[in-house]
Amino acid sequence: SRARSALTECGFVYLDDFYPAARIHALRRAYEGFRGTDEARLFEYPCQGEGRVEHMLPFAPPFNDSSIYADPRLLTLLGDFLGPDGFKLELMTVITSPPGSGDQRWHQGWRYLCHPDERLPPLAVVAALPLDDVTPAMGPTEMCPGKRRRFYYGWRCEGFALPRIGTTAGTLVLFDYKLLHRGLGN
């Protein structure tokens, strides 16, 4: 209930050590192996931010292991937040932000889903699962607490004490799809 409250009130929540770090490190090794294949080029996904690379993950082992995306604790939290109508997994991607990458612009989820002035109940959730420890210097995702209105007018997050929270492998970060956020440069 505390996680749901944070997600509802602030628009995001960090769940430290949600998954075992060893399991996440194994996923990272699998991703690095995949990224080194010719097939990976077919899975490149558009990503904003200079120097960043994003890949959709193939629905194949180990990326389709349901114990990650169908963890009962996660499903309960998402069900409580999104409501009784159910939800679906849309896609899984990995964003790599190597040293020298730049800041992303402030943005929200897909801007054409809703009227820009409309306040909506939760529509979707982004679940970010770092595949390694991320320090503040490495450019973690920066959140703008409470900014969940469908602005998308090039607004910035000003006048807030912005959380730039480092995470450890295994920490799950959930945020409302409408929350104003950006990835910082590494």
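Guide: Let us begin with the terms. Helices of at least four residues and strands of at least two are DSSP runs, numbered from the N terminus. In this predicted model, Leu123 sits in the loop between strand 4 (93-96) and strand 5 (125-128).

Visitor: How far apart are Leu123 and Asp176 in sequence and in space?

Guide: In sequence, 53 residues separate Leu123 from Asp176, while their C-alpha atoms are 7.8 Å apart in space. Across the protein chain, among contacts with a separation of 6 or more, 84% join residues 24 or more positions apart.

Visitor: Is Leu123 exposed or only partly exposed?

Guide: Leu123 has 43%, so Leu123 is partly exposed. Of the 186 residues in the protein chain, 38% are buried. The accessible surface of the chain is about 10600 Å², with 54% of that belonging to carbon and sulfur atoms.

Visitor: In what order do the elements run from the N terminus?

Guide: The protein chain contains four helices and eight strands, in the order α-β-α-β-β-α-α-β-β-β-β-β.

Visitor: How do helix 1 and helix 4 pack?

Guide: One reads the angle between the axes and the distance separating them. Helix 1 (residues 2-9) and helix 4 (residues 72-82) have axes 10 Å apart and pack at an angle of about 45°. Helix 1 is therefore oblique to helix 4. Ala3, Arg4, Leu7 and Thr8 of helix 1 make the contact with Leu77, Asp80 and Phe81 of helix 4. The crossing of these two helices is right-handed.

Visitor: Which features of the backbone deserve attention in the loops?

Guide: Two may be considered, a peptide bond and a phi angle. Pro61 and Pro62 are joined by a cis peptide bond, with omega about 0°. Pro62 belongs to the loop between strand 3 (53-56) and helix 3 (66-69). Asp17, although not a glycine, has a positive phi of about 50°. Asp17 is located in the loop between strand 1 (12-15) and helix 2 (21-35). With a relative accessible area of 56%, Asp17 is exposed, because the cut-off for exposed is over 50%.

Visitor: How many disulfides does a search of the whole structure find?

Guide: A disulfide is a covalent bond between the sulfur atoms of two cysteines. Here the search of the whole structure finds zero disulfides. As for cysteines, Cys10 is partly exposed at 33% relative accessibility, and Cys47 is partly exposed with a relative accessible area of 24%.

Definitions and conventions. Residues are numbered from 1 along each chain as its sequence is written. This is a predicted model: local features need pLDDT of at least 70, side-chain atom pairs count only at pLDDT 80 or more; totals for chains, interfaces and linings use all residues. Side-chain values use heavy atoms; hydrogens and water are left out. Buried means under 20% relative accessible area, exposed over 50%, partly exposed in between (1.4 Å probe, protein chains only). Contact means heavy atoms within 4.5 Å. Accessible areas come from the Shrake-Rupley method with a 1.4 Å probe; for residues, only the protein chains shown count as cover. A disulfide is a pair of cysteine sulfur atoms within 2.5 Å. Axes are lines fitted to C-alpha atoms, for helices over the stretch in contact, and angles run from 0 to 180 degrees between N-to-C directions. Angles under 35 degrees count as roughly parallel, over 145 as roughly antiparallel, 65 to 115 as roughly perpendicular and the rest as oblique. A crossing is left-handed if the near helix is turned anticlockwise from the far one by less than a right angle, and right-handed if clockwise.
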